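Please look over the briefing below alongside the sequence and the model.

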Amino acid sequence: LTAYITAHLNVEGDVFQEFANESYWLKNENGEQLLQDFGQFTVGTVDIIRPPPDCNCINTARMWYKNLMKENLIDFGMAGWMADFGEYTPVEARSEFSARWWGNDHGEVLHQTYSQEWARLNREAVEEAGKLGEIMYWMRSGGVTSKIDQVMSWAGDQTVDWTQSDGL
């Protein structure tokens, strides 16, 4: 049995509602919680960015979300999951844990970095559970370092119909 997960949580969902007032979320350029329109619903995005190596800090949002993944995917017995939408972080997004070199390009760098961090977070959850090689997770987005952390990647759903080129 496989599942689906993303770090973009529906604002009407129980998990988001319970933790909406925590400092777990990416911010917009004005320092407010970043909310994105995903078409049929609105999401808040977990700030999963690892702090820079010279920062004496911990990203509690990253730890919280990794624990949610372990409890609700791994401990539940899932054989794997699609770790989706790492690429959906807009350039207006801001992380509390940007590295010193991000500067004025913060949004563009975060957009590129987020999918790499998403791959790393999924791998960390599986490794820490002692299940690497047993659990398969896959993703369509990535960056320069993502291939180190991905178990499998896929091209995505370029079309949304059941034609021979995209159907089952």
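**Briefing on the predicted model**

Arg94 and Glu29 are paired in a salt bridge, with 3.6 Å between their closest N and O atoms. Because Arg94 sits in the loop between β5 (80–84) and α3 (106–128), while Glu29 sits in the loop between α1 (14–19) and β3 (35–37), the pair ties together parts that are 65 residues apart in sequence. The structure is a predicted model, and every value quoted here should be read with that in mind.

**Salt bridges**

- In total, the structure holds 12 salt bridges, and the pairing of Arg94 with Glu29 is one of those contacts.
- Arg140 forms a salt bridge with Glu87, in which the closest N and O atoms are 3.4 Å apart.
- This pair, too, links distant parts of the chain, since Arg140 is in the loop between β6 and α4 (146–149) and Glu87 is in the loop between β5 and α3, 53 residues apart.
- Arg140 is partly exposed, at a relative accessible area of 25%, and Glu87 also counts as partly exposed, at 27% relative accessibility.
- A further salt bridge brings together the side chains of Lys131 and Glu134, with an N to O distance of 3.8 Å.
- Within that pair, Lys131 is partly exposed, its relative accessible area being 30%, while Glu134 counts as exposed at 55% relative accessibility.
- Elsewhere, salt bridges that share partners join Arg50, Arg62, Lys66, Lys70, Glu117, Glu124 and Glu128 into one network.
- As background to these contacts, side chains of opposite charge can pair when their charged atoms come close.

**Aromatic rings**

- Across the whole structure, a search finds 12 aromatic pairs.
- One of them is formed by Phe16 and Trp25, whose ring centres are 4.7 Å apart and whose planes meet at 50°, so the pair is tilted.
- Both partners are buried, Phe16 as well as Trp25.
- The rings of Phe19 and Trp64 likewise make a tilted pair, because their planes lie at 55° with the centres 4.8 Å apart.
- Phe19 belongs to helix α1 and Trp64 to helix α2 (residues 60–74), so this contact ties together parts that are 45 residues apart in sequence.
- Trp64 counts as buried, at 11% relative accessibility.

**Cysteines**

- A search of the whole structure finds one disulfide, and this disulfide joins Cys55 to Cys57 with an S to S distance of 1.8 Å.
- The torsion about the S-S bond of Cys55 and Cys57 is about 130°, so the disulfide is right-handed.
- Cys55 counts as partly exposed at 32% relative accessibility, and Cys57 is also partly exposed, with a relative accessible area of 29%.
- In general terms, a disulfide is a covalent bond between the sulfur atoms of two cysteines.

**Surface**

- Leu132, Met136, Val151 and Met152 form a nonpolar patch on the surface, and together they have about 290 Å² of accessible area.
- Met136, one of the patch residues, has its place in strand β6 (residues 136–139) and counts as partly exposed at 34% relative accessibility.
- For the protein as a whole, the accessible surface comes to about 9,600 Å², of which 49% belongs to carbon and sulfur atoms.

**Overall fold**

- The secondary structure comes to four helices and seven strands, and read along the sequence these follow the pattern β-β-α-β-β-α-β-α-β-α-β.
- Of the 168 residues in the protein, 45% are buried.
- Among contacts between residues at least 6 apart in sequence, 63% join residues that are at least 24 apart.

Key: Residues numbered from 1 in each chain as written. Predicted model: local features only at pLDDT ≥ 70, side-chain atom pairs only at ≥ 80, totals over all residues. Heavy atoms only, no water. Disulfide = S-S within 2.5 Å. Buried < 20%, exposed > 50% of the residue type's maximum accessible area, 1.4 Å probe, protein only. Patch = residues over 30% accessible without salt bridge, like charges linked within 9 Å, V, L, I, M, F, W, Y side chains within 5 Å. Areas by Shrake-Rupley, 256 points an atom, 1.4 Å probe, with all protein chains shown as cover. Salt bridge = Lys/Arg side-chain N within 4 Å of Asp/Glu carboxyl O. Helix = DSSP H or I, 4+ residues; strand = E, 2+ residues; numbered from the N terminus. Contact = heavy atoms within 4.5 Å. Phe/Tyr/Trp six-rings, centres within 6.5 Å; stacked < 30°, edge-to-face > 60°.
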